Amino acid sequence: MDVAPGIRHHPRTRPTESSPETQDPAIMDAFVIRGGKPLKGRVQISGAKNAALPVMAATLLSPGVHTLRNVPVLRDTITMGEVLQKLGARVELGPRLCKIDTTNITSVEAPYDLVRTMRASIYVLGPLLARFGNARVSLPGGCAWGPRPVNLHLEGLKAMGAALEIEHGYIVGREVKLKGTNFNFDVVSVGATAQLMMAAVLANGRTVLDNVALEPDITVLGEVLNRCGANISGLGTRRLVIEGVRELQPIDTTIIPDRIEAQTFLAAAAVTGGSITLESCDPSDMLSAIQKLEEAGCQILPGTNEVTITGPRRPYAVDVTTAPFPGFPTDMQAQMMALCSVAEGTSVITDTIYLDRFTHVPELARLGARIELKGNTAVVKGVERLSGAPVMATDIRASAALVIAALVAEGETRISRIYHLDRGYEGLDQKLVKLGASVERIRE
Ligand code: EPZ
């Protein structure tokens, strides 16, 4: 796979989603952060990882050269590129342009070695079955904070007539002819909605999906597919109606801004009492977080494709309960907890999407946070100040929370295993330094 010059890419060495060291030297990278500097200035928000990944997989639905602009160059998009490459696609991933040629797909196998490093690799399953009727995709396995089943992906595809077997850790489908069906999701799932949407666009007949996810990543995936000739109606509602078509045209699109990266920067500005402007972001995709940050005492000025935030001297405590979009995102739960750890008062944070997504709690406690866990709820007693210490990143958003806490902690914090951050944030250290923070990437 061609990755633009200077882009880190180590094809042979790969961590699993949760396992640590391998031979990839970047795995030993750590951040050294000296806290206490209010963030100031403007920062450009990158393209959205969680919007780019399904669109990259959707290129398998039609032969040809697909053009994707604003794909963030991250460990995860590189991994998706490698999965597509394993299938026979030609992938060029650069800072502004990603070209994917799916004319000559020579394999339908997505290997365990790649899938275990990124669950979203499972997105190739539906497109492979839809276009070729065959697929052999490794089951993803667990992640840092527990089991993340894919039963809805499999049940939905089976409802569309796919006889799927689990063989040696692989999901295997042979000579499958997908047909339209009615399927209701027991729980709202971003991944399973995307999976069935991609499978249904080439299926024989009409598919009706109920209780679907409303995340912007899903809506734009549907819009991209419709521009390629698909027939999806109901985007932005909990019911999608998809009329299968015979073929699609290649994709030509620009990936939307990353609302989770944007919200992470808002929380970083809030906790440091800084004032920053985010460029190339969509305020309407982050209303629930903006509301919570205003409750915490921030002044927020949404503009066209930009947001300006000014943080308070010290944030107020806020209660947060995560929910599917447009509710408060679980991908911001940890970052918000870091902010609440220095707030005035006690905050109650409940995660209803992942009941055990709290691997950041013991690490925040190492910095002096006072957090008590009760089931899927954390009671956070705000403290006057945190103090720097060595801590360990465990997953993408947990590590972002440690960065936010370190930006306000006294003295030096050293965050190791930041390869987790590199999976979801493009050039986070450079962007923070540009905003006046003291962040150094070192090799441990
Ligand atoms: C997507 O994961 C995101 N990942 C996650 O972001 C995000 O946390 C999650 O949606 C929720 O917003 C990508 O888009 C690549 P789900 P996904 O299916 O699709 C249960 C990040 O940090 N469920 O919406 O895997 C599941 O256990 C990542 O960028 C089933 O029970 O999440 C969870 O409780 C982390 N069976 C709930 O649904 C299934 O088959 C929502 O999961 C599928 C899901």
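The model is predicted, and the values given here are computed from it. Around the ligand there are 21 residues, of which N151, S189, V190, D331 and I353 come nearest.

- The side chain of N151 places a polar atom 2.7 Å from a nitrogen atom of the ligand.

**The shell around the ligand**

- Two or more residues of the shell come from each of helix 1 (49-58), helix 5 (151-159) and helix 6 (190-200), and helix 5 gives the most, with three residues.
- Sorted by class, the shell is made up of ten nonpolar, six polar and five charged residues.

**S189, one of the nearest residues**

- S189, which is among the residues that come nearest to the ligand, sits in the loop that runs between strand 11 (182-184) and helix 6.
- Because its relative accessibility is 14%, and buried means under 20%, S189 counts as buried.
- The side chain of S189 reaches the backbone nitrogen of G191 at a distance of 3.5 Å.
- When neighbours within four places in sequence are left aside, S189 is in contact with L152, H153 and A213.

Conventions
Residues numbered from 1 in each chain as written. Predicted model: local features only at pLDDT ≥ 70, side-chain atom pairs only at ≥ 80, totals over all residues. Heavy atoms only, no water. Near = heavy atom within 4 Å. Polar contact = N/O pair within 3.5 Å; in protein donor to acceptor, adjacent residues only side chain to side chain. Helix = DSSP H or I, 4+ residues; strand = E, 2+ residues; numbered from the N terminus. Nonpolar A, V, L, I, M, F, W, Y, C, P; charged D, E, K, R; others polar. Buried < 20%, exposed > 50% of the residue type's maximum accessible area, 1.4 Å probe, protein only. Contact = heavy atoms within 4.5 Å.
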